Every structure is written in C-alpha cells, then in structure tokens.
Amino acid sequence: MEFTLDEMREHLATLEARIAEACKIAGRSRESVKLVWVSKFHPAEAVENAISLGATDFGENRVQEAELKFSEPRMAKDGSRVRCHVIGPVQSNKLKKAAIVADCIHSIASIEAVEKLERVCAALPGENGAGKILDILFQVNAGEEETKSGLDVHEAEAFLNGLAEKAGAASDGKSENFPHLRFRGLMTIGKNTGVAEDSRECFAFLRGLRDKFLARGGVFANFDQLSMGMTGDLEVAIEEGSTMIRVGTALFGERDYSKPV
C-alpha cells in the first residue's frame with residue numbers, strides 16, 4: 001500500500017537517520033551521498049509528495065514509466081530541476097527515449113549502447129543547440145549473479161580500457177568521439193542474500209575499479225560516482241564509498257503491481 005504524505009515523512013526521517021549514522025561511521029559527510037528515490041510502479045501523486053519532502057532525484061526502471069512522470073520538467077523544493085535517473089536495463093530500441101527523458105542512465109553495459117547514445121544526444125536540442133549532454137554510469141554485475149544485468153566482473157576493466165580507446169583524444173572528461181556523454185562512474189546491485197555484509201566485497205571491488213579509472217583522468221576525469229546500495233544494504237554501501245543509494249519501498253510503501261501507473 002502507498003504511504004500517505006505523513007507516513008512518507010516519517011519513513012524519510014528514519015532513513016535519513018540511517019544514512020547520517022552510516023556516513024558518521026565511515027567518516028564521510030552526509031552531502032557526499034545522494035538519495036535517489038526509486039519511484040518505479042508508484043503514481044505521479046507519490047512523486048509529488050516526495051518532491052514536497054525535498055526529493056530531487058528519482059529512479060525509474062522502465063523508460064516508458066519515466067516518460068509518463070518526467071517528460072515535463074518538475075521543480076524541486078530547493079528550486080533546482082528534478083533529475084530523472086534510468087536505473088534499469090535499457091533495450092537498444094529504447095535508448096533514444098531514455099536519452100530524452102533521463103539526466104543520468106545507470107545501466108550501460110556495451111560499447112554499442114554508448115555509440116548509439118552519442119548519436120542520439122548529438123541530435124537532441126541542448127544548450128546553444130549543441131546537443132544534449134547526458135551522464136552515464138556503467139553497470140557491473142559485481143555479485144556475479146546470473147539474474148543480474150551488467151558487465152561481467154572479470155571483463156569490466158578490459159571494457160573500460162576499450163571504451164577509452166574508442167573515445168579518442170580526451171581532456172577534462174570530454175572526448176573526441178563521445179562529446180555529448182559524460183562517463184560518471186559505475187553501478188552495481190548488491191547480492192540478493194538478505195545479508196548486507198555479503199555485498200561488501202562486490203561494493204569494495206567497484207570502488208577500486210572506479211578509483212583506478214578516475215585516477216587516469218582524460219575521458220574518466222568525471223568518473224567519481226558509485227551507484228550502489230539499497231534499503232537493505234545501504235550502510236555497507238556507504239562504508240564502501242557509495243555516492244548514490246537507490247531506495248524505493250522504504251520511502252513510498254509497497255508497490256501495487258496490479259494497477260497501472
């Protein structure tokens with residue numbers, strides 16, 4: 001059942017206390033961790049309630065649902081524009097729609113997807129008519145689970161090396177061949193065991209991989225983001241360096257999959 005606004009406020013306070021405590025233990029500032037409200041299968045009214053509570057970033061798994069809720073600009077309580085994150089796998093034929101609605105796509109896992117996104121973003125309206133600049137993260141199946149999408153954990157480094165070669169000359173995060181894309185970091189989903197500690201190793205792996213490429217600079221000069229951690233394992237994710245945690249049910253309530261959004 002969907003939470004009422006008062007219930008959302010109460011659950012947000014509980015979640016914020018968890019995040020603050022995890023940051024304190026990790027020796028990090030609360031501002032170093034962005035909360036992405038996962039609004040998939042929740043109605044537009046729930047998004048409005050979240051915005052009234054200060055939400056600025058929302059995550060959607062399905063492109064068509066993101067279009068319904070975020071095609072029209074929404075303003076956050078702090079006066080900034082609400083950001084839409086596409087966090088689920090995107091089929092090739094939906095990449096254009098994803099690029100139009102999203103501010104950031106977390107689930108890229110192929111060179112072909114990068115190349116198509118560059119072509120799409122180059123043709124979209126943007127600042128001074130120069131196309132849209134899109135943030136992307138690369139999903140890694142760090143837990144090595146067959147049901148999860150993303151780059152194979154043993155091939156992720158080679159993939160990123162190949163990506164750098166494809167990008168051509170680069171400086172300050174801008175590349176010759178992908179000028180409309182910003183490579184911002186990595187995403188993973190923790191292990192589905194119900195035990196948060198089981199995900200520590202894969203979170204630590206992702207942080208190490210991110211750090212290695214961020215240190216290279218060039219096309220990876222902005223490669224500072226780690227999208228990892230959800231309701232059940234956010235403390236471990238924050239301890240291991242997550243900069244974005246993705247939380248849905250704990251903020252919005254249980255999803256009713258029988259009803260259209």
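1. Contacts of Asn49. In this predicted model, Asn49 touches Leu5 and Met8, leaving aside residues up to four places away in sequence. Asn49 sits in helix H2, which covers residues 44-52.

2. Distance to Phe3. Asn49 and Phe3 are 46 residues apart in sequence. Their C-alpha atoms are 9.8 Å apart in space.

3. Exposure of Asn49. Is Asn49 buried, partly exposed or exposed? The relative accessible area of Asn49 is 24%. Buried would require under 20%, and exposed over 50%, so Asn49 counts as partly exposed.

4. Largest pocket. The volume of the largest pocket is about 620 Å³. Its lining holds 29 residues, and the closest to the centre are Lys40, Ile189, Gly190, Met230 and Arg246. Two elements give two or more residues to this lining: strand E11 (244-247) and helix H9 (249-252).

5. Lining classes, largest pocket. What classes make up the lining of the largest pocket? The lining has 13 polar, 10 nonpolar and six charged residues.

6. Second largest pocket. This pocket has a volume of about 250 Å³. Which residues lie nearest the centre of the second largest pocket? They are Phe70, Ser71, Arg81, Ile100 and Val101, out of 13 lining residues.

7. Lining classes, second largest pocket. Seven residues of the lining of the second largest pocket are nonpolar. Five are charged and one is polar.

Technical notes:
Residues are numbered from 1 along each chain as its sequence is written. This is a predicted model: local features need pLDDT of at least 70, side-chain atom pairs count only at pLDDT 80 or more; totals for chains, interfaces and linings use all residues. Side-chain values use heavy atoms; hydrogens and water are left out. On a 1 Å grid over the protein atoms alone, a cavity is a set of points where a 1.4 Å probe fits but cannot get out, and a pocket is an open set with protein on both sides within 12 Å along at least five of seven lines; lining residues have an atom within 4 Å of a point. Grid points are joined across faces, edges and corners, and a volume is the space filled by probe spheres set on the points. Helices (H or I, at least four residues) and strands (E, at least two) are DSSP runs, numbered from the N terminus. Ala, Val, Leu, Ile, Met, Phe, Trp, Tyr, Cys and Pro count as nonpolar, Asp, Glu, Lys and Arg as charged, and the others, Gly among them, as polar. Buried means under 20% relative accessible area, exposed over 50%, partly exposed in between (1.4 Å probe, protein chains only). Contact means heavy atoms within 4.5 Å.
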